[in-house]
Amino acid sequence: MTRVRNAQAGEAASLTALCLRSKAHWGYDAAFMRLCVPSLTVEEEAISEGRVLVATDGSGRTVGTVSVGRDGDDAELALMFVEPSAIGGGTGRRLFEAAVALARRLGYRRMTILADVNAAPFYERLGARFLRNEPSDAIPGRVLPFYEYDLTSGASS
């Protein structure tokens, strides 16, 4: 069973490594991955502010992470990554639900998501609404699907 907890001080490096493993799972080359490092880095400040959550499996092993940031007046799904061996097992859904709950507790009414093209169908299944394509925050010239999720509606799924 997947459990979600707040990230703890000192976990930023291991969570960043998880984000990079998860992104690389989709077959991106080394040059692409180097460009992604700044946007996939988990910040200790976000952890200390309580905006980073961690998913663990039944043995306590970290299998995913999500971070809720600020995008003007909206929440932003800043990072959401699952350990490659856990992809497809419900961890992503659990993390998304926890991120929605956190964003609601922080008082937001809407959450934006700049999604990797491989994750777009996942967010759509969970109820995110495609708005437009936006420039990548990591790769010059690349565009990514940009979504919104209404936090004022009922459940996250």
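1. A pocket here is an open set of points on a 1 Å grid over the protein atoms alone, with protein on both sides within 12 Å along at least five of seven lines, and lining residues have an atom within 4 Å of a point. Of the 39 lining residues, Met-80, Phe-81, Asp-116, Ala-119 and Tyr-123 are the closest to the centre.

2. How to read the model. Numbering runs from 1 along each chain as its sequence is written. Since this is a predicted model, local features need pLDDT of at least 70 and side-chain atom pairs count only at pLDDT 80 or more, while totals for chains, interfaces and linings use all residues, and side-chain values use heavy atoms, with hydrogens and water left out.

3. Who builds that pocket? Helices H1 (12-24), H2 (30-36), H4 (91-105) and H5 (120-125), together with strands S4 (74-82) and S5 (110-114), each supply at least two lining residues of the largest pocket. (Helices, H or I of at least four residues, and strands, E of at least two, are DSSP runs numbered from the N terminus.) S4 gives the largest share of that lining, seven residues. By class, the lining splits into 23 nonpolar, nine polar and seven charged residues. For the record, Ala, Val, Leu, Ile, Met, Phe, Trp, Tyr, Cys and Pro count as nonpolar, Asp, Glu, Lys and Arg as charged, and the others, Gly among them, as polar.

4. The cores. There are 29 residues in the largest nonpolar core, and Leu-77, Met-80, Phe-96, Met-111, Ile-113, Tyr-123 and Leu-151 have the most contacts inside it. Such a core is a set of buried Ala, Val, Leu, Ile, Met, Phe, Trp, Tyr and Cys residues joined through side-chain atoms within 4.5 Å. Strand S2 (52-56), S3, S4, H4, S5, H5 and strand S7 (143-150) each supply at least two residues of this core, and H4 gives the most, with seven. Apart from it lies another core of 19 residues, among them Cys-19, Ala-46, Val-52 and Val-54.

5. Leu-151 and Tyr-108. Not counting residues up to four places away in sequence, Leu-151 touches Ala-75, Val-100, Ala-103, Arg-104, Tyr-108, Arg-109, Arg-110 and Met-111; contact means heavy atoms within 4.5 Å. Tyr-108 lies in the loop between H4 and S5. Is Tyr-108 buried or exposed? Tyr-108 is buried, at a relative accessible area of 16%; the cut-offs are under 20% for buried, over 50% for exposed and partly exposed in between (1.4 Å probe, protein chains only). Setting aside neighbours within four places in sequence, Tyr-108 is in contact with Gly-69, Arg-70, Asp-73, Asp-74, Ala-75, Ala-103 and Leu-151. The C-alpha atoms of Tyr-108 and Met-80 are separated by 18 Å.

6. Two glutamates to look at. Glu-148 sits in strand S7 and counts as buried, at 15% relative accessibility. Neighbours within four places aside, Glu-148 is in contact with Arg-110, Met-111, Thr-112, Ala-128, Arg-129 and Leu-131. Glu-134 is in strand S6 (residues 129-135) and is partly exposed, with a relative accessible area of 24%. With residues up to four places away left out, Glu-134 touches Leu-114, Arg-142, Val-143, Leu-144 and Phe-146. Glu-134 and Ala-115 are 19 residues apart along the chain, and their C-alpha atoms are separated by 9.6 Å.

7. The whole chain. The chain has five helices and seven strands, following the pattern β-α-α-α-β-β-β-α-β-α-β-β along the sequence. Its radius of gyration is 15 Å, close to the 15 Å that the globule rule gives for 157 residues, so the chain is as compact as a globular protein of that length. That radius is taken over C-alpha atoms, and the rule is 2.2 Å times the number of residues to the power 0.38. Buried residues make up 46% of the 157. Of contacts between residues at least 6 apart in sequence, 61% join residues at least 24 apart.

Key:
1 Å grid on protein atoms, 1.4 Å probe; cavity = no way out; pocket = protein on both sides within 12 Å on 5 of 7 lines; lining within 4 Å.
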